Amino acid sequence: MANTKLGKQHTDFMRWARSQGVKINGVTPAHIPGRGSGMIATRNIEEGEVMITVPLDLMITIDSIPASFVKQFPTGTSIHGILAAFLTEGDHEFLKRWDLWRRVWPSRKDFEDSMPILWPENLRRSNSEFQQTPCERPFLLPPSASGIWNSFETSQKGRNSESKSQNLLTQQEKRLQDAWRNVLTVFPNMDWDKFSFHWLILNTRSFYYVKPGQEPPEDWNDAIGLVPFADYFNHSDDADCGVVFDGAKYTFTASRRYEKGEEIFMSYGAHSNDFLFVEYGFFLDQNESDVIFLDSIISNTLSEAEREELASQQGLEDYQVTPSGVCPRTINAACVKYMPSNDFRSYVQGRATRAFDTRKTWNIIRDWIEIYLRESNTTIEALESLRAQSEEQVGHQNKVASLRSRWEQIRVMCQNALDKISATQLEA
């Protein structure tokens, strides 16, 4: 049951937001058990009702901070980094306007508890160049986040792809460290804890923002702005909340009827649980957009000729297992293992299916998924051992529990895919 009594700081902030032009209609922030704060309906809300509007001039964006501050930074400094630097070292009188809002933001301790990027190195080992100590097993983050495996050795040809969907922690650390390096050229004495805290505030609470009439930045991570009050919304993959930015204001509209007391979600995008875990510090119990990747596993099994054939037809990335099963690209990768080249090209291009062998195809895919299932079991065993070391891991039990829960999800996804393969083979 949600509790609408979040405390005086939240009440003061809500009053301030209204005074600054935020229109709030039928919703309020509330404490959601197990998830912190969220947004709930204070009455029945009908489909099509506007719940919140936030004017552009109340947002914190690259266009709302002094140009003199922005011009100090080297070419190539991320907008993300400049905004984090401004929240850390910007003019206090200028920032004072948003003081009541900033007081209801999460704390750095909240981020240290939930965000893998701030965890102790033994819990967040990855293939990142920023690892401070030798990266030794067990690797506890999922491979989509860490880029490394416990249960098998990836060859050079089988290394993880540079896809935005994989090596997630490595990519996040690089964005943060690149920003930090550039910011230090302007503010050499800046406090790391404060800067990284504000960088994570922006990373976890920003909305899409591009100035009207401007081209989007090359890096979509820089199309960001902070939107007061709207950042109370929690994420759901299939949220019934329409979100529109028209250049003058953000508008949040009910896409269905809500009952009084019901939590209202918005969608941060169709993201896997590993992405949500690394970027936002949470993941969903049920997520239709969840995915694990077989790229490293498949690449390890391909001959050079098979790699060249696959590369010429569909590329060598994004072999997915989702809650609904394996993707067509994975089926094609299995087919290249036994089909002659001409038959494979005809099959992939949809000209002929005569060379397709159901038994061979699904047996190959089964072997690949079983490797991931073995990775799940190996890592869960390591997490069980870690949990047993209670004295050594004081303060980290929740982190270990989160990792265990995520790996359980991965194990279930693998097992479900294997069950579907067995059903398909029985029907054939």
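This is a predicted model: local features need pLDDT of at least 70, side-chain atom pairs count only at pLDDT 80 or more; totals for chains, interfaces and linings use all residues.
H8 gives the most, with eight residues. By class, the lining of the pocket has eight charged, eight polar and five nonpolar residues.

**The helix pair**

Two packed helices are described by the angle between their axes and the distance between the axes. The axes of helix H13 (residues 328-335) and helix H15 (residues 358-388) come within 9 Å. They cross at roughly 110°. Angles of 65 to 115 degrees count as roughly perpendicular, so H13 and H15 are roughly perpendicular to each other.

| Helix | Residues in the contact |
|---|---|
| H13 | Thr-330, Ile-331, Ala-333, Ala-334, Cys-335 |
| H15 | Thr-361, Trp-362, Ile-364, Ile-365, Trp-368 |

By class, the contact of H13 with H15 has eight nonpolar and two polar residues, and no charged ones.

**The sheet**

Strands of a sheet pair through backbone hydrogen bonds, either parallel or antiparallel. Here three strands form an open sheet in the order E11-E12-E13, and the pairing is antiparallel. Strand E11 (292-293) and strand E13 (325-326) are the edge strands, and each pairs on one side only. Strand E12 (residues 320-322) is joined to E13 by two bridges. Val-321 has Val-326 in E13 as its bridge partner.

Note on methods. Residues are numbered from 1 along each chain as its sequence is written. Side-chain values use heavy atoms; hydrogens and water are left out. Helices (H or I, at least four residues) and strands (E, at least two) are DSSP runs, numbered from the N terminus. Ala, Val, Leu, Ile, Met, Phe, Trp, Tyr, Cys and Pro count as nonpolar, Asp, Glu, Lys and Arg as charged, and the others, Gly among them, as polar. Axes are lines fitted to C-alpha atoms, for helices over the stretch in contact, and angles run from 0 to 180 degrees between N-to-C directions. Angles under 35 degrees count as roughly parallel, over 145 as roughly antiparallel, 65 to 115 as roughly perpendicular and the rest as oblique. Contact means heavy atoms within 4.5 Å. Two strands pair if DSSP finds at least two bridges between them.
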